[in-house]
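Open your viewer and keep the sequence panel beside it. This tour goes from selection to selection and says what is there.

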Amino acid sequence: MRQILRRLAVAALLAPAAAAAAATMIASPADAAPAKVSEQALQDEVNRLTNVERTKAGCPALAVNAQLTKASREHSAWMAQTGTFSHVGAGGSDFVSRAKAAGHTSPAGENIGWNYHTAAAVVDGWMSSPGHRANVLNCASKTVGVGVAYSANGQPYYTQNFGF
């Protein structure tokens, strides 16, 4: 458990979004790198596994939202390109401003992760962290977008944005 906690750096940032607060979470590296999987395949599987976790907990499945996916992909690409692992993005942006710039008016929260080489590993990491788990299992969220981008050295960076 101690090793898992060392691997998960959790930062919760609250920002108002519509009538609710939005939570922001971070997860960090995992172990061993298997063969590289396409970014789209990872994104699709993270969305699927997120909905598996939500339905097990009694929450409705999330609809994949193109605007949140765009914001997530762009943030993951920025992190991968710069080697930066942060909720603060290009130009000092946060997840609310990135989601709104992509056209989503009610962002709810964000999880990020890096160096998890499977979708199951990153979702398991988020589900093992109370703050990340709270974002995934926020039954008020209705939409999700996931973006995955590989850095030049092959490390995947993940961004998962939720919306009301």
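**Before you click**

This is a predicted model, in which local features need pLDDT of at least 70 and side-chain atom pairs count only at pLDDT 80 or more, while totals for chains, interfaces and linings use all residues. Residues are numbered from 1 along each chain as its sequence is written, and side-chain values use heavy atoms, with hydrogens and water left out.

**Stop 1: the whole chain**

Show the cartoon. The protein chain has six helices and six strands. Helices (H or I, at least four residues) and strands (E, at least two) are DSSP runs, numbered from the N terminus. From that end, the order is α-β-β-α-β-α-α-β-α-α-β-β. Of the 164 residues, 49% are buried. Buried means under 20% relative accessible area, exposed over 50%, and partly exposed in between (1.4 Å probe, protein chains only). Contact means heavy atoms within 4.5 Å. Among contacts with a separation of 6 or more, 71% join residues 24 or more positions apart.

**Stop 2: the cores**

Select Leu42, Val46, Val122, Val123, Tyr158 and Phe162. These have the most contacts inside the largest nonpolar core, which has 19 residues. Such a core is a set of buried Ala, Val, Leu, Ile, Met, Phe, Trp, Tyr and Cys residues joined through side-chain atoms within 4.5 Å. Helix H2 (39–56), helix H5 (119–127), strand S5 (143–150) and strand S6 (156–163) each give two or more residues to this core. H5 gives the largest share, five residues.

Center on Val46. Beyond four places in sequence, Val46 touches Ala119, Val122, Val123, Trp126, Val146, Tyr158 and Gln160. Then pick Met79, Trp114, Ala149 and Tyr157, which belong to a second, separate core of six residues.

**Stop 3: strand S4**

Select residues 107–114. Eight of the eight residues of S4 are buried, so the strand is largely enclosed by the rest of the structure. S4 and S6 run antiparallel and are joined by seven bridges; two strands pair if DSSP finds at least two bridges between them. Ile112 stands opposite Thr159 in S6.

Step on to Asn115, in the loop between S4 and H5. Asn115 is not a glycine, yet has a positive phi of about 70 degrees. Asn115 counts as buried, at 12% relative accessibility.

**Stop 4: Arg54**

Go to Arg54 in helix H2.

Look at backbone oxygens instead. The backbone oxygen of Ser141 lies 3.2 Å from a polar atom of the Arg54 side chain.

**Stop 5: charged pairs**

The whole structure holds four salt bridges. Take Glu110 and Arg98, whose closest N and O atoms are 3.0 Å apart. Glu110 lies in S4 and Arg98 in helix H4 (residues 95–101), so this pair ties together parts 12 residues apart in sequence. Glu110 is buried at 0% relative accessibility, and Arg98 is buried at 12%.

Glu45 forms a salt bridge with Arg48, at 2.8 Å between the closest N and O atoms. Glu45 is partly exposed at 29%, as is Arg48 at 44%.

How values were computed:
Polar contact = N/O pair within 3.5 Å; in protein donor to acceptor, adjacent residues only side chain to side chain. Salt bridge = Lys/Arg side-chain N within 4 Å of Asp/Glu carboxyl O.
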